[in-house]
Amino acid sequence: MDASILGFLLLDGLQNGVIYGLLAIAMVLVFAVTRVILVPIGELLMFAPLSLVWLLEGKIPGTLWLALVLGLVWAGVARGRGALGPILGALGLSALFFLALFLKPLAYPAAVLLVVYLGVATYRVFFQPMREATVLSLLIMAVGLHVAYQGLGLVFFGPEQFRPEPLLRGEVVVGLSWQGVLVLLFALLSVLGLYAFFRFSLYGKALLAAAESRLGARLTGISPEEAGMVAFGIASLMAGLSGLLLAPLINAAYFMGFMLGLKGFVAAILGGLASYPVAFLGALLVGFFESFTSFFASAYKEALVFLLLVPALFYQSLKARAVEE
Amino acid sequence: MKRWLAVALALALSAWAQGTLKVGVVVSATGPAASLGIPERNTFLMLQELLDRQGGVAGRKVQFVILDDASDTTQAVRNTRRLVEEGVVAIVGTTTTPASLGMIPVVAEAKVPMISLAASKDIIYPVDAQRFWVFKTPQTEELMARAIVADMVARGVKTVGYIGFNDAYGEGWARFFEAEAKAKGLQVVASERYNRTDTSVTGQALRLIARRPDAILIGASGTPAVLPQRTLKERGYPGLIYQTHGVANPDFLRVGGQDVEGTLLPAGPILVAEQLPGTFPSKRVALDYIQRYEAKYGIGSYSTFGAHAWDAWLILRPALERALKKVDPDKDLSAFRAALRDEIEATKNLVATHGVFTFTKEDHLGLRFEDAAVMVRVEKGRWKLERTFR
């Protein structure tokens, strides 16, 4: 192993790591606010580039129907004035999609907004009614949704991979394409943006408050339901954008989401599902670890990556007090 | 109109009297293996129309009972049980190796002959008490590995690297390819694995390149086979790149684009049927199949996988005709199934789309290497015949 190989492996690890990092941050955020472990985040990520490919080919992707159905249920459970939001959203989304068939650049925002709408609707329809449930029941629901969404992805988009055109072509230095730079930039910006959001905006502070104590937040006039929707919205926005940026690098397919989500989850666990910076660093660690094990022992790569969980969970178990669920 | 009705009635009555021959078909028309299973199902739908026009086999109506296993072993086994109970004379399928392996105990217990459409050699080898009932039409990894190594030797390759799926497909190829390569004096300098869902294979590619092999074989199937090849190209690997016949579908070319230009792969001869020399035995049969399939499903729609299903029927049909002369399935179904199995095994020099089949007691694949494999190269986004082994 020489310097150039080391350099490639580090770059590769960095590029993968930041994506795991974004997913990990999104998972920590959602968990803190709603106690949902967002397993289907990988599927939300996958829906974005595949919907984009469908739109660019002049077809309406099946994900739109899924979003509309969920939106309808959402409007149904919200009733009254609350139903206005999802209905307007669904109308706007459909209009955007039909416009995007003729105006190609609109396909990009359409794909991202679809994922955001889908994410929020998922929270409203599936998780909010269970808000008093245990973490375990929420996790079971999340796993169920992951399986369902992946299956729907297969139905909507077929078994093969697709490769959207990169936004920026060419290589900066050997081993790092401009598209890769975009991914890194996006990660940096989202981390900074989230920091500013939590630090300076009222919404962000309200989210933090809701994450800290649901009851306390409610007493000060913050609706935990609304906080949950915002958390899901941010998480799916990050997932959708990451998906769009990543897809030209890694080929999008219905099965791509699970492993990305799972590694984000490993990183989030390394951060104890509580700390954003540790989760992000954990994600970088997972990325580097993965790229080095794929060099030295490719057959055991996944096993070794998931083995990273053992010391982290062991440490957590030393820290945690036993809680009866 | 009345006369037409009378004819139809008479036909229906004679079919009633004679009994319809039911042939069970299990394919993966949905699920991850759907791109293989759909052309197989389409082929049987096409055959059904053809047979309805011709009036069946030896004066008997033939009905294909086509079931979808959703690329799932449990579902395939359940379908097989159901077909056995429905009284089928034989079962064709299924698309994937694991599900086909799962079906073997069921057909062996019910004593129904089965022709699998999946690749692995384990389905028909060794021919033991259970596999006694099982045949298959697609080429094995072993046969295709032989073609790859022969091509490598002809091109003066001395050292090879391997990277394949970290699952049964990749392991099977690693086993047969590395054994064949060593036997022919090639040195295997690296053997790496990756997952279908991996988003990066940079580590493996760097390791392969660091060992400087003359050629690299990618043991993967479908569009996930593009990733290692692209990474190797990006990292400046100068040598030859081989793929397996698992990539011989249009999606691989679509996703691979410029990155897969020049790829070498072994394939069933039907993939390049119109480029084959006129003396190639399977050329006429293959062109006939392609013409029929494209007439029904559109130009450019055929694939090598549907042709495996066509081959299964080419084998089954004469065997049915011969078995019908010996036993009447309406009187004794199990005796007919046994007779049919013997007649399938007696198939000799049967020219099909993928080669020439000659079954023996020890060989239930029955394909001759020279007729069943050709080397193909990707050129300008199309399959180009590189060499035959005749």
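How much area do chain A and chain B bury between them, and what percentage of it is on carbon and sulfur atoms? In this predicted model, the two chains bury about 2500 Å² between them, and carbon and sulfur atoms carry 48% of that area. As for the residues involved, 31 from chain A are in contact with 30 from chain B.

Next come the polar links across this interface. Between chain A and chain B there are 18 residue pairs in polar contact, counting pairs with both residues at pLDDT 80 or more. The count of salt bridges between the two chains is two. Arg163(A) makes a salt bridge with Asp259(B), and here the closest N and O atoms sit 3.2 Å apart.

So much for the links; now for the side of chain A that touches chain B. Two or more residues each are supplied by helix 1 (3-34), helix 10 (224-250), helix 11 (256-270), helix 12 (276-296) and helix 13 (301-307) of chain A. Helix 1 of chain A gives the largest share, with six residues.

Over in chain B, helix 12 covers residues 333-345, 13 residues in total. From its first C-alpha to its last, this helix of chain B reaches 18 Å, close to the 18 Å expected at 1.5 Å a residue. Several residues of helix 12 of chain B are buried, among them Phe336(B), Ala339(B), Leu340(B) and Ile344(B). The buried residues of this helix also include Arg337(B), Arg341(B), Glu343(B) and Glu345(B).

Terms used: Residues are numbered from 1 along each chain as its sequence is written. Chains are lettered from A and ligands numbered from 1 in the order in which they are written. This is a predicted model: local features need pLDDT of at least 70, side-chain atom pairs count only at pLDDT 80 or more; totals for chains, interfaces and linings use all residues. Side-chain values use heavy atoms; hydrogens and water are left out. Contact means heavy atoms within 4.5 Å. Buried area is the accessible area (1.4 Å probe) that two parts lose on being put together, summed over both. A salt bridge is a side-chain nitrogen of Lys or Arg within 4 Å of a carboxyl oxygen of Asp or Glu. A polar contact is a pair of N or O atoms within 3.5 Å; within protein, one must be able to donate a hydrogen and the other to accept it, and residues adjacent in sequence count only if both atoms are side-chain atoms. Helices (H or I, at least four residues) and strands (E, at least two) are DSSP runs, numbered from the N terminus. The expected span of a helix is 1.5 Å times one less than its number of residues. Buried means under 20% relative accessible area, exposed over 50%, partly exposed in between (1.4 Å probe, protein chains only).
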